[in-house]
Structures are given as C-alpha cells and as structure tokens.
Amino acid sequence: MRSSRVWLVIAALVGATLLALAQQAPSPEEEVARQKKLILEQSGILPGELYAAQGEDLFKKKRGPNNVSLEGCDFGLGAGKTEGAYAELPRYFADTNRVEDLDTRIVTCMVSLQGFKAADIKRSDVVAIAAYVASKSNGRPVKVRLDDVKEVAVYAMGKQLWYTRAGAQDFSCAVCHETNGGKRIRLQRLALVQADKVASHWPAYRFSNDQLWTMEDRIRGCYKQTRVTEPNYYSDAIIALSLYMSVAANGADVDAPGFVR
Ligand code: HEC
C-alpha cells in the first residue's frame, strides 16, 4: 500500500517535470515566430528585405558589357513587368524555347540583355535579384499553369523526380515530405510540401544558417542532405522539381522572401 503511494507521488513528479519541459521547448513554428520577432526588435528589418533591397539596386543599375539594367527583362508578363510575374513562374519562354524558373530567367536576361558570360555570373547576385523580383508578387496567389506542351512535359519530369529513390538511404523527396511529412526530426518539422503549399514562401531567409536561399538552393540542399549528388543550378531537373512544387502551391499567397528555419 505504502509503496504504491510512493510510486504515485513519483509518477506525479515525473509527469509534472515532463510537462514543464514540454512547455519550455518551443514547437518549430513557435521558434520561427520567436526568431522573427527577435530580429525585428533588434534591427527593425527582416534580413530577407535587406537582400531584396540589394537585389533592387543590382536590378536597376546599368551593368555588364552592354551597360544596361535588367529593367527590360521579360519574366513572362512582358518586358519590364515584374509586378505579379513571379507568381506565375516557372513557365515556358519562347525566346529560349525552355521552361525557366526565376533564377534561370534572371541568368537568361543577364546574358542576353547585359551581355554577361554565364560563367561570370555571381550566384549571390542572382539570389539577391530573385529576392527583389519575387517580392513584387507579394500578396498575389500563386498561379502556375501547364498550358504549353513543354510545361506539361517538365511537370511530368518533376513528378517523376519527386518519387525517385536515390542514394545509400534510398530516399526520395516524397519519403520525407509526404510519407513522413508533418513529423519532427530533432528541431525541424518535415514540411508537407504539397499540402502546405510551401513554394509560395521561397526565396526565403534561413535564420539557422543566416542565408537567403531560393528554391534552387533548397532543392540542392535536400539532395546534399541525403548524400545524393545535387543537380547543377539552372538545370532541367531543378526547374522540373520547382515547377512540380509550384503547381501544388497554386492558390496560396506569395510571401517572399519568406522566413524559415
Ligand atoms: C531525409 C529527408 C529529406 C529528403 C529526402 C528531402 N528533404 Fe526536403 N527537407 C528536409 C528537411 C529536414 C527540411 C527542413 C530543413 C530546415 O528546417 O532547414 C526540408 C525542407 C524542404 C523544403 C522547404 C520546406 C518549407 O517549409 O518551406 C522543400 C521545398 C524541400 N525540402 C524539397 C525537397 C525536395 C524537392 C526533395 C527531393 C529532391 C527533398 N526535399 C528531399 C528533409 C528532406
């Protein structure tokens, strides 16, 4: 009798301690909100906005061998139209006869308008410009269509890649982001990429490594994480996966640059 009462007391104490610990440890979502608030309090501006401002400078400045700005770049809605353009990317472009995502289109214009050699283009410039152009779609719903036959084909390729298992651990995107999506591994919650419509908040600032990543970096990061050789920047494989995830994000409001772990 006595010992069972002792056990009850111990169980109650352990229970209370576990509850206190659980209450202390913030959920991944709470941690993101807390970090965001902290940075805003300390500097009054979110890092993503700093990248976008830097991108705006690069976008409007006359640069490259041709000494012109990127203001004449066609992101799909006509030359010079950036408002709402990102919400409809990736899409097919007749001038390159290719489906392009935001990063790839920026590179295309840096080459064709400004005269840069593709090999000389700094990745950090592309990222900053992407942050700026994406921010011009904020508040608009993602609206990525599959009108052109090339778009249909690239989407099919993206879907196939999404389910392809690779690497020593035999992982696919779907294993982590569908089958196990919503679960936590350590401090991270595995995103349900399609259901959560996450493509709408990329490019995003990652406070865990103090970097701005576009969707291209995010995709490459996930390949690297599973020790599978990552596809090159601006490659069809990356664009295909991006198109596949963007179609799933249709209807969600663009919020870019986002703020993530
Ligand atoms: C081993 C599990 C794993 C695999 C496989 C994996 N990912 Fe991820 N992915 C993660 C983790 C973990 C994060 C969150 C990282 C963080 O918090 O910094 C993430 C984040 C993401 C995000 C951002 C989610 C958000 O909330 O915005 C996207 C998009 C994504 N992955 C796409 C992919 C694609 C595409 C593939 C296949 C090429 C892939 N992932 C394969 C684990 C995985």
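Biologist: What makes up the chain, in helices and strands?

Modeller: This predicted model has nine helices and seven strands. The C-alpha trace spans about 90 × 45 × 30 Å along its principal axes. Of the 261 residues, 43% are buried.

Biologist: Which protein atoms are donors of the iron atom of the ligand?

Modeller: NE2 of H177 and SG of C222. They lie 2.0 to 2.1 Å from the iron. The cut-off for a donor is 2.8 Å, so both atoms qualify.

Biologist: Why is the site of the iron atom called octahedral?

Modeller: There are six donor atoms, with angles of 87 to 178° among them. The label asks for opposite donors over 155 degrees apart and all others between 65 and 115. The site of the iron atom is classed as octahedral on that basis. Ideal octahedral angles are 90 or 180 degrees.

Biologist: What does the pair H177 and C222 tie together?

Modeller: H177 lies in helix α7 (residues 173-179), and C222 lies in helix α8. The pair therefore ties together parts that are 45 residues apart in sequence.

Biologist: Why is H177 called buried?

Modeller: Its relative accessible area is 15%. Buried means under 20%, so H177 is buried.

Biologist: And what makes C222 partly exposed?

Modeller: C222 has a relative accessible area of 23%. Partly exposed runs between the 20% limit for buried and the 50% limit for exposed. C222 therefore counts as partly exposed.

Biologist: Turn to S172. Is it buried or exposed?

Modeller: Buried. S172 has a relative accessible area of 7%, and the limit is under 20%. S172 sits in the loop between α6 (149-163) and α7. Its C-alpha is 9.0 Å from that of T226, though the two are 54 residues apart in sequence.

Biologist: How do you know that the largest pocket lies between the two domains?

Modeller: Domain 1 (43-135) and domain 2 (149-260) both give residues to its lining, so the largest pocket lies between them. The space in it is about 1400 Å³. It is lined by 49 residues, and H177, R189, A191, W202 and R218 are the closest to its centre.

Biologist: Which helix gives the largest share of that lining?

Modeller: Helix α8 (residues 215-225), with six residues. By class, the lining of the largest pocket has 29 nonpolar, 11 polar and nine charged residues.

Biologist: How many residues line the second largest pocket?

Modeller: The second largest pocket holds about 210 Å³. It has 11 lining residues, with F171, C176, I185, L190 and Q225 closest to its centre. Four are nonpolar, five polar and two charged.

Biologist: What makes a space a cavity and not a pocket?

Modeller: In a cavity a 1.4 Å probe fits but cannot get out, whereas a pocket is open. The search finds one cavity of 30 Å³ or more in the whole structure. The largest cavity has a volume of about 190 Å³.

Biologist: Why place the largest cavity between the domains?

Modeller: Because domain 1 (43-135) and domain 2 (149-260) both give residues to its lining. That lining has 20 residues, and Y86, L89, A199, S242 and S246 lie nearest the centre. At least two residues come from each of α4 (102-112), α8 and α9 (236-248). The classes are 13 nonpolar, four polar and three charged.

Biologist: Which peptide bonds are cis?

Modeller: The bond from W202 to P203 is cis, with omega near 0°. P203 is in the loop between β4 (188-189) and β5 (204-206). A cis bond also joins A256 and P257, with omega about -5°. P257 is in the loop between α9 and β7 (258-260).

Biologist: What is to be said of phi at N97?

Modeller: Phi of N97 is near 55°, a positive value in a residue other than glycine. N97 is in the loop between β1 (91-93) and β2 (98-100).

Biologist: Why is R227 called exposed?

Modeller: R227 has a relative accessible area of 70%. Exposed means over 50%, so R227 qualifies. R227 is in the loop between α8 and α9, and its phi is also positive, near 55°.

Terms used. Residues are numbered from 1 along each chain as its sequence is written. This is a predicted model: local features need pLDDT of at least 70, side-chain atom pairs count only at pLDDT 80 or more; totals for chains, interfaces and linings use all residues. Side-chain values use heavy atoms; hydrogens and water are left out. On a 1 Å grid over the protein atoms alone, a cavity is a set of points where a 1.4 Å probe fits but cannot get out, and a pocket is an open set with protein on both sides within 12 Å along at least five of seven lines; lining residues have an atom within 4 Å of a point. Grid points are joined across faces, edges and corners, and a volume is the space filled by probe spheres set on the points. Helices (H or I, at least four residues) and strands (E, at least two) are DSSP runs, numbered from the N terminus. Ala, Val, Leu, Ile, Met, Phe, Trp, Tyr, Cys and Pro count as nonpolar, Asp, Glu, Lys and Arg as charged, and the others, Gly among them, as polar. Domain bounds come from an automatic or database domain assignment. Donors are N, O and S atoms within 2.8 Å of the metal (3.2 Å for Na, K and Ca); water is not among the atoms, so sites may look incomplete. Four donors count as tetrahedral if all angles lie between 85 and 135 degrees; four count as square planar and six as octahedral if opposite donors are over 155 degrees apart and all others between 65 and 115; anything else is irregular. Buried means under 20% relative accessible area, exposed over 50%, partly exposed in between (1.4 Å probe, protein chains only).
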